[in-house]
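Biologist: Could you walk me through this model and show me how to read its features?
Modeller: Gladly; let us have it on screen.

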Amino acid sequence: MKLKRVSQAMLTLGAIALLTGCKGKTDPMAGMQGQNAAAVATYTVTSGDLSLDNEYPATIKGKMDIAVRPMISGTITRVCVDEGQRVTKGQLLFLIDDVQYQAAVRSAEAGVASAKAAVASAESQVTTIQSSVATARLTATNQKKLLDKGIISNYQYQTADLNLKSAQSQLNAARQAVGQSRAALAQAQQQVVNARKNLSYSRVVAPCDGVVGEIPNREGSLASPSGTPLTTISDNSQVYAYFSFNEKQVLALTKNGSVSLQAAISQLPQVKLKLSNGEIYGQVGRVSTVSGVLDQSTGSAQVRALFPNVNGMLRSGSTGSVLIPATTGRCLIIPQKATYEVQDQKYVYVVGPGRKATSRAITVMDQNDGQNYAVTSGLSVGDVIVVEGVGTQVKEGTTILTKAQASAAMKAMAAGAKKK
């Protein structure tokens with residue numbers, strides 16, 4: 001029963017002992033006496049298409065993040081919502097002390113009443129003067145007829161004509177007074193509108209549907225338009241993930257300018273979002289915009305991807321990574337676990353003549369899928385490489401046992417154990 005629980009490490013040691021003890025050409029282990037050996041898995045290099053995810057660090061923001069600021073200054077008398085609460089457009093968020101603004105409305109309304117009275121008085125004055133002008137005009141007309149007949153003197157006619165001109169001048173002045181009083185009324189009415197508007201600003205409401213952010217000021221705090229925002233409303237029914245493309249990536253995207261930026265964006269595949277905990281977000285998104293201007297300090301263009309956020313799991317201010325899928329085309333593919341690294345150079349163990357492991361330097365693409373590498377040089381289709389025990393059981397010159405050899409070693413170990 002104990003033999004059934006022999007570990008792989010014991011198998012390797014047993015194989016070594018067997019190799020050193022076996023004699024004769026008929027032994028399947030012949031020719032490998034005295035050498036280190038290991039029964040480990042191998043992989044035959046093949047070519048294929050490797051699907052890769054190009055990863056870009058991203059910052060998540062709500063589709064609309066609006067800083068809520070008061071339009072008037074005053075003391076907060078009531079906070080009507082709480083942090084993290086979902087609100088709808090127009091919902092009451094804060095109440096600001098409105099006593100002075102109510103007084104301003106009443107004062108403005110009194111000003112309108114006074115201005116209306118002034119307009120009425122001026123219009124009444126115009127009516128009175130218009131009557132005087134009519135009388136003076138009639139008198140002047142009659143005096144002219146009498147003058148023409150020689151009944152009255154020229155002096156008497158001129159006096160009547162002067163009276164008419166004086167009355168007309170008074171009428172013009174009265175009409176100007178009416179215009180001024182009407183302008184004053186319009187100004188007073190506008191003051192009422194402004195006062196009522198300021199009064200309405202004492203009720204701070206949500207500018208859009210969304211989630212309430214931090215509320216730094218509570219009841220009793222002074223709020224002002226130039227001060228700290230009362231809160232932020234984040235519309236996160238959809239979220240934007242902001243990341244960057246460098247100049248070379250932008251040129252590659254547009255095929256060196258042969259394709260318009262908008263056309264290139266429309267041809268991009270759907271993208272995924274890796275969350276800060278390493279999990280992949282359940283909804284896919286699309287790249288919606290690429291900035292047309294490169295940042296002078298970083299040499300990169302800002303890119304924005306849009307993701308649905310129906311359950312509200314994604315929050316504005318979170319971080320993650322945008323994954324843009326790409327295929328390598330036909331290439332050599334090997335498991336990542338088959339490699340080891342020395343001074344930034346990747347190596348594999350190739351099973352060569354005599355099934356001896358020989359280290360070989362390789363180069364791979366920068367992008368990978370997390371499990372496989374796309375090899376650009378160092379290997380060929382059909383090469384056999386070690387994918388197990390690299391750097392531990394397998395070293396330079398280690399003999400790699402086949403399944404048949406490992407089975408023979410097991411049987412030999414069992415037979416030796418029975419003899420004892």
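Modeller: Let us begin with confidence.

Biologist: What should I keep in mind about numbering and cut-offs?
Modeller: Residues are numbered from 1 along each chain as its sequence is written, and side-chain values use heavy atoms, leaving out hydrogens and water. This is a predicted model, where local features need pLDDT of at least 70 and side-chain atom pairs count only at pLDDT 80 or more, while totals for chains, interfaces and linings use all residues.

Biologist: Where in the protein chain is confidence lowest, and where is it highest?
Modeller: Helices (H or I, at least four residues) and strands (E, at least two) are DSSP runs, numbered from the N terminus. Helix 1 (residues 8-21) is lowest, at a mean of 42, and strand 6 (residues 92-96) is highest, at 96. The protein chain averages 85, with 89% of the residues scoring at least 70.

Biologist: Where is Leu294 found, and which residues does Leu294 touch?
Modeller: Leu294 sits in the loop between strand 12 (286-290) and strand 13 (300-308). Leaving aside residues up to four places away in sequence, Leu294 touches Glu247, Gly299, Ser300 and Ala301. Its C-alpha atom is separated by 8.3 Å from that of Asn246, 48 residues apart along the chain.

Biologist: Is Cys208 buried or exposed?
Modeller: Buried means under 20% relative accessible area, exposed over 50%, and partly exposed in between (1.4 Å probe, protein chains only). Cys208 is buried, because its relative accessible area is 6%.

Conventions: pLDDT = per-residue confidence, 0-100. Contact = heavy atoms within 4.5 Å.
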